[in-house]
2 protein chains.
Amino acid sequence: MAARSAEREPAHADPAERGRRFERQLGAYRRRVRPAVMSALPRRGPAGLYELAAVYPGRPWKGLRSALCLATCEAFGGRQDEALRTAAAIELFHNAFLVYDDIQDDSELRRGRPTLHGAHGTGVALNVGNATTLLAMQQLLANRRELGSRRAELIARESDRMMQVTLEGQAMELGWIRSNADGLTPRDYLRMCLKKTSWYSFIYPLRVGAIIAQGELPRERLLRFGWYLGAAFQIQDDILNLVGRQDDYGKEIGGDLREGKRTLMLTHLMAHGAPRVRRHLIELLGRPCDRRGPPEIRWILGQMVEAGSIDFARRAARQLAGAALAEGHSALRGVADGDAKRFILQMPLYVVDRQR
Amino acid sequence: MAARSAEREPAHADPAERGRRFERQLGAYRRRVRPAVMSALPRRGPAGLYELAAVYPGRPWKGLRSALCLATCEAFGGRQDEALRTAAAIELFHNAFLVYDDIQDDSELRRGRPTLHGAHGTGVALNVGNATTLLAMQQLLANRRELGSRRAELIARESDRMMQVTLEGQAMELGWIRSNADGLTPRDYLRMCLKKTSWYSFIYPLRVGAIIAQGELPRERLLRFGWYLGAAFQIQDDILNLVGRQDDYGKEIGGDLREGKRTLMLTHLMAHGAPRVRRHLIELLGRPCDRRGPPEIRWILGQMVEAGSIDFARRAARQLAGAALAEGHSALRGVADGDAKRFILQMPLYVVDRQR
């Protein structure tokens, strides 16, 4: 019986074993979601649209977002199959955002292979991103039949809010790059994270999972859990972008520095580097992308190591994961123990431990 | 009393006077829709998002699409104010598509001034396009309160279909350019037009206008009316792109040839030019955009004049306008005469007579 296993698990369980168990559960969720995602893609249509919308979903993916939705639905007493369409929509939205992101950042690699716009041009990729968004919304439209109008309506409003918040987060990040923003604080970074990453990746899956199970808006604590979890996730993502292995990470290492992204490490270096370092840094970041090559990127990385920016970010990610765990425990108080609850509460450690 | 004026109007009314009356009515519709569009744009948010979403709607526009929706709602016995949110959504969708189109075609001018991506970069413009789409959908979400769930649901399904068809039309056009397609027929062109232009610009406004008035799906004839009307509109648009005045047209003249767009004129020249002309044409169109400059564009234009391609397209546009008029009369049979009906039935001639 797994009913009380979340409580019975020893506090100092072997981290490697804990990670493997989480990965197994994640894999089980993914095996349910993947067919739902693939069957949402039309099989017929003009060349250069739906078969390209299948490219990113056809590469290896973790499925954290959809797993979180299914687990939350289960934890709050719902059935997995009720949340399956919504889980598929979540992954489709994510895939659409990846296509848009890659265009906006002019990235070269995604999930270990060339980006869509790199291989097929910006015009075609933009169309594919829009088609993927539309296919996600079609899953939500079909919810109306299966979940009834009240739940479908609540989910539609959550989805609208999620898209708006995400666009605003993207606008903040792009705005900081274009204005070569200086003087940003960790608080600014966390607000941007809330909007750009946490909302669509964690808050939205948590909230819609709870809505499907309960038929009403979930408690506010779930939002804070998702916020901190998303911030920890994003900081770890940014660290991997600097010091990860490209084969594991799937994107080009150092890409964020080339793009001038205001990561927590960069805002730390801007605030704590020596004055001449900060001056040179701002000059480098003010250049167009193609005049910030490997030597400049190596220099920035070296300064980050020296100023302790990467260690600072690692500590921040772990603190945020701890804060997320506390919020998660509190948000799930009263929820029966079991595999789903344990999976949700292991996610904070997983997102900061992961190497890819 | 205007009730029977559509019938009483002399068959050979002065075309200039007819055009002026149509423009006055169009202006009256636009004065209702413009405030609804502008008030759909949030006033607060991160820099580089909503104030840029207001850029294209803030330039002069005709508002054909929203006017057609309002007029159709009226003609079928509905009230204008019931259709106002949907009319605003139609213009917002159109503005979003313009942002996407300009990125995809790498156009320089829109409504007589620099394109969004030209002025602010592709990343920011893409975000603005997505925000504009979302704001359109928010108008439709708000419909649920005002029109009730049955009509809102029908409109949501029409909107979903419209977006999907439009994306497929864009994919067809982009695919033809990228594959340097040869051997296309007028029938291929009309199918692409149906999807790329007619559906969102004419069929969708007609159908949702009728749905708002009647609370049920409209008759099929309305679809054919919109198809032919849209094809006539698109062909005239393509002709203006070749031989219009830039100040009137608002986009760079010859842009379609630079981009390699398969217009009716180009498919005609490919089918009817002399063999050496066709060989050279295909070679020119196979080059990247930036190696198809003003001399090459002038050469293609000269060959089109010689082969009668432009005259062919002008005749086709007028024939399609005639076919649209016949379908329109048939679709509106049984609808009371009046300003709204007259406006709808004057649209076919307007779209082929317009110089901008």
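A:Ala210 is located in helix α9 of chain A. In this predicted model, A:Ala210 counts as buried because 24 C-beta neighbours fall inside 10 Å, the threshold for burial being 20 or more. Neighbours within four places in sequence aside, the contacts of A:Ala210 are A:Thr72, A:Phe76, A:Pro218 and A:Leu222. A:Ala210 and A:Ala71 are separated by 139 residues in sequence, while their C-alpha atoms are 9.4 Å apart in space.

Chain A as a whole contains 17 helices and 2 strands. The C-alpha trace of chain A extends over about 60 × 55 × 30 Å along its principal axes. Buried residues make up 52% of the 356 residues of chain A. Among contacts in chain A with a separation of 6 or more, 78% join residues 24 or more positions apart.

Helix α10 of chain A, residues 221-243, has 23 residues. From its first C-alpha to its last, α10(A) reaches 33 Å, close to the 33 Å expected at 1.5 Å a residue. Of the 23 residues of α10(A), 18 are buried, and the helix is thus mostly covered. Helix α13 of chain A, residues 264-272, is likewise mostly covered, with 7 of its 9 residues buried. The buried residues of α13(A) are A:Leu264, A:Met265, A:Leu266, A:Thr267, A:His268, A:Leu269 and A:Met270. In chain A, these buried residues pack against α9 (186-214), α10, α14 (275-286), α15 (294-307) and α16 (309-331).

Residues up to four places away in sequence not being counted, B:Ala232 touches B:Ala317, B:Leu320, B:Ala321, B:Ala324, B:Pro348, B:Val351 and B:Val352.

Positions in loops were examined next. A:Asp106 is found in the loop between α6 and β1 (109-110) of chain A. The phi angle of A:Asp106 is near 50 degrees, a positive value in a residue other than glycine. Most residues other than glycine have a negative phi. A:Asp106 is partly exposed, as 17 other C-beta atoms lie within 10 Å. In chain B, B:Asp106 lies in the loop between α6 (84-105) and β1 (109-110). B:Asp106 also has a positive phi, near 50 degrees, and is partly exposed, with 17 other C-beta atoms within 10 Å.

A further loop position is B:Arg219, placed between α9 (186-214) and α10 (221-243) of chain B. B:Arg219 is partly exposed because it has 15 other C-beta atoms within 10 Å, a count between the limits of 12 or fewer for exposed and 20 or more for buried. B:Arg219 and B:Asp105 are 114 residues apart in sequence, and their C-alpha atoms are 35 Å apart in space.

The contact between the chains takes 31 residues from chain A and 31 residues from chain B. On the side of chain A that touches chain B, α6 (84-105) and α8 (122-178) each supply at least two residues. Helix α8(A) gives the most to this side, with 23 residues. By class, the side of chain A that touches chain B consists of 17 nonpolar, 12 polar and 2 charged residues.

Chain A is superposed on chain B by a rotation of 180 degrees with 0.0 Å of shift along its axis, at an RMSD of 0.0 Å. The two copies are thus related as by a two-fold rotation axis. The same surface serves both copies, as 100% of the contact residues of chain A recur in chain B.

Methods: Residues numbered from 1 in each chain as written. Chains lettered and ligands numbered in written order. Predicted model: local features only at pLDDT ≥ 70, side-chain atom pairs only at ≥ 80, totals over all residues. Contact = placed C-beta atoms within 7 Å. Helix = DSSP H or I, 4+ residues; strand = E, 2+ residues; numbered from the N terminus. Nonpolar A, V, L, I, M, F, W, Y, C, P; charged D, E, K, R; others polar. Least-squares fit on C-alpha atoms with pLDDT ≥ 70 in both. Expected span 1.5 Å × (residues − 1).
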